Amino acid sequence: MLLSSCSTRREAIDLVVYNTTVYTVDSAFSKAEAFAVRDGRIAFVGSAAEVRGKYRGAQEVDAGGKFIYPGFYDAHCHFYRYALGLREANLVAAKSWAEVLARLRAHRQQRPQDAWLLGHGWDQNDWPGRQFPTKDSLDRLFPDVPVYLTRIDGHAALANQKALDLVGITAKTVVPGGSLGHDAQGRPTGLLVDNAKGLVIRLIPEPSAAEATTLLKQAEQECLALGLTSLADAGLDRRDIERIDSLQKARQLRLRLNCMVSATPANLDHYLKRGPYRSDYLKVNSFKVYADGALGSRGACLLAPYSDSPHERGFLLQSAATYRELARRVAASPFQMNTHAIGDSANRLLLDICGAALRGQRNRRWRIEHAQVVTAADVAKFGRFGLVPSIQPAHATSDMYWAGGRLGTARLKTAYAYKALLNSAGRVALGSDFPVEYLNPLFGFHAAVARQDGKNYPAGGFQMENALSREQALRGMTQWAAWAGFEEKEKGQLVAGQWADFVVLDKDLMTAPKQELRGTKVLQTWIAGRRVFSSPAK
């Protein structure tokens, strides 16, 4: 009778999760044993005795002693681009140009109906000689179909002659904020860097609405299987954002997305007039701006010439006056300005422009995306102006094999300086930049704390003075990532009132040996108290 009476007095609730170690990522970084969920949000967190004594769940989940964290938030990625790229030839990790060509031939055989042959992910830094490819082989193999192959960083591409002819690119073509490769005779090699890519991209046909939906759902499932529940998609057009919104409203997409609007004139006019947009699954409150290109394709704008190419410094994609006017317009609105800046020159310019435009408004949370090469003097400006470093730890361990050649030893020390940026700004938002890097957030966690790649190289870690602690890395991919998008009241922690977005792992990220972090398995992923992924039983 006593047991029946106690059971009756327990409050009915939607979900109870127990027999677990819960990392709440609250202000004290406290742990718990159980929690309860009502209407998709955390209702109570505490000991197993407290939770099970107080609540009776319509669903009760025994987590089997495993480890629970807030759902992982990738603060900088390209989800939409990744999804549409699933229809293209995957050239990631190809070890030679010959391997790229072999993959292209196989892809063409699988999709002979496509009007264009598209591929993504090549990286000449992984090949013998590290030389940029030319279109000659593409012209021989695919003379009658236009070919367009995007480099791993998304800031360079290679097109064949058929594609160049469709666009009208010749040896005399000049593109502000971009460049074209030329051979010794001055003829185009097919290499297109930064703004030059746009000449070709505008002619590439988009997938149908049905195919785009299928690709987005496929990409979402890959994210959920890796514990991702929220993403910041760094640069989308209005049409793409509205497609995502409609799919979320139709419950065909379950991920929460913070979409940065590409700062084109049309997008600026529309969203500045309309204002920010918010639903439970979609946030539109920022503009994505590009200051320069990427280090790997020598488009990053540097203060001094590249160490391996003394006649090049990279370049800005627009004029300084254009960035100042853009910052002025955004500062007069409720929106954030999130600026891609890789090189130390681009970072200096945009830090100063943002600081001047904000005029002491330290909680606008304007972001510098990547903040990859920043002088020691300029690092201090993040704290001074209240700017947020939005960084991708895996870039350091991917680039470390060749970045020294681009920058030289002294300047390399000012690159990928994540701890220095954290010390200045107080918080860092962590992302992957996928598909530039692999989308597994635990790869970034490992890179942040161990400063090693998937081979656990180098043995002592790469520039370990800028490693993050495990707590800092976890906050960067949960709480701080949410804060950087003005979403800290909704997500990023497992505390009462926040969304019940969480991930169940088989290992404790706080104590597992560093060499085991990348192998940690996602057992379950939950969004709003609903299980959206469960690892197949072995």
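Student: How many cavities of 30 Å³ or more does a search of the whole structure find?

Tutor: The model is a predicted one, and a search through the whole of it finds 3 cavities of 30 Å³ or more. A cavity is a space where a 1.4 Å probe fits but cannot get out.

Student: What is the volume of the largest cavity, and which residues lie nearest its centre?

Tutor: Its volume is about 110 Å³. The lining of the largest cavity consists of 15 residues, and those nearest the centre are Gly 431, Ser 432, Pro 441, Gly 444 and Phe 445. Strand S8 (72–77), helix H14 (393–399) and helix H18 (441–450) are the elements that each give two or more residues to this lining. H18 has the largest share, with 4 residues.

Student: How do the residues lining the second largest cavity divide by class?

Tutor: They divide into 3 nonpolar, 7 polar and 2 charged. The second largest cavity holds about 70 Å³ of space. Among the residues that line it are Pro 70, Tyr 73, Thr 229, Lys 491, Trp 499 and Asp 501.

Student: How much space lies in the second largest pocket, and which residues are closest to its centre?

Tutor: A pocket, unlike a cavity, is an open set of points. The second largest pocket contains about 430 Å³ of space. Of its 15 lining residues, Arg 251, Arg 254, Tyr 281, Ala 528 and Arg 530 are the closest to the centre. Helix H9 (238–249) and S25 are the elements that give two or more residues to the lining. The largest share, 3 residues, is that of H9. By class, the lining of this pocket has 6 nonpolar, 3 polar and 6 charged residues.

Student: Now the sheets. What is the order of strands in the open sheet that includes S25?

Tutor: Start with the general idea: strands of a sheet pair through backbone hydrogen bonds, either parallel or antiparallel. Here 6 strands form an open sheet in the order S3-S2-S7-S23-S24-S25, and the pairing is mixed. Strand S3 (31–32) and strand S25 (530–534) are at the edges with a single partner strand each, so one side of each has no neighbour in the sheet.

Student: What is to be noted about the backbone at Pro 435, Pro 458 and Asp 194?

Tutor: As a rule, most residues other than glycine have a negative phi, and most peptide bonds are trans. Here the peptide bond from Phe 434 to Pro 435 is cis, with omega near 15°. Pro 435 sits in the loop between strand S22 (429–430) and H18. The bond from Tyr 457 to Pro 458 is also cis, with omega near -5°, and Pro 458 is in the loop between H18 and helix H19 (470–476). Asp 194, a residue of strand S14 (residues 188–194), has a positive phi, near 50°.

Student: Last, the whole chain. How many helices and strands are there in it?

Tutor: The protein chain has 20 helices and 25 strands. Its radius of gyration is 24 Å, close to the 24 Å that the globule rule gives for 538 residues, so the chain is as compact as a globular protein of that length. Along the principal axes its C-alpha trace spans about 95 × 55 × 55 Å.

Notes: Residues numbered from 1 in each chain as written. Predicted model: local features only at pLDDT ≥ 70, side-chain atom pairs only at ≥ 80, totals over all residues. Heavy atoms only, no water. 1 Å grid on protein atoms, 1.4 Å probe; cavity = no way out; pocket = protein on both sides within 12 Å on 5 of 7 lines; lining within 4 Å. Points joined across faces, edges and corners; volume = space filled by probe spheres on them. Nonpolar A, V, L, I, M, F, W, Y, C, P; charged D, E, K, R; others polar. Pairing = 2+ DSSP bridges. Rg over C-alpha atoms; globule rule 2.2 N^0.38 Å.
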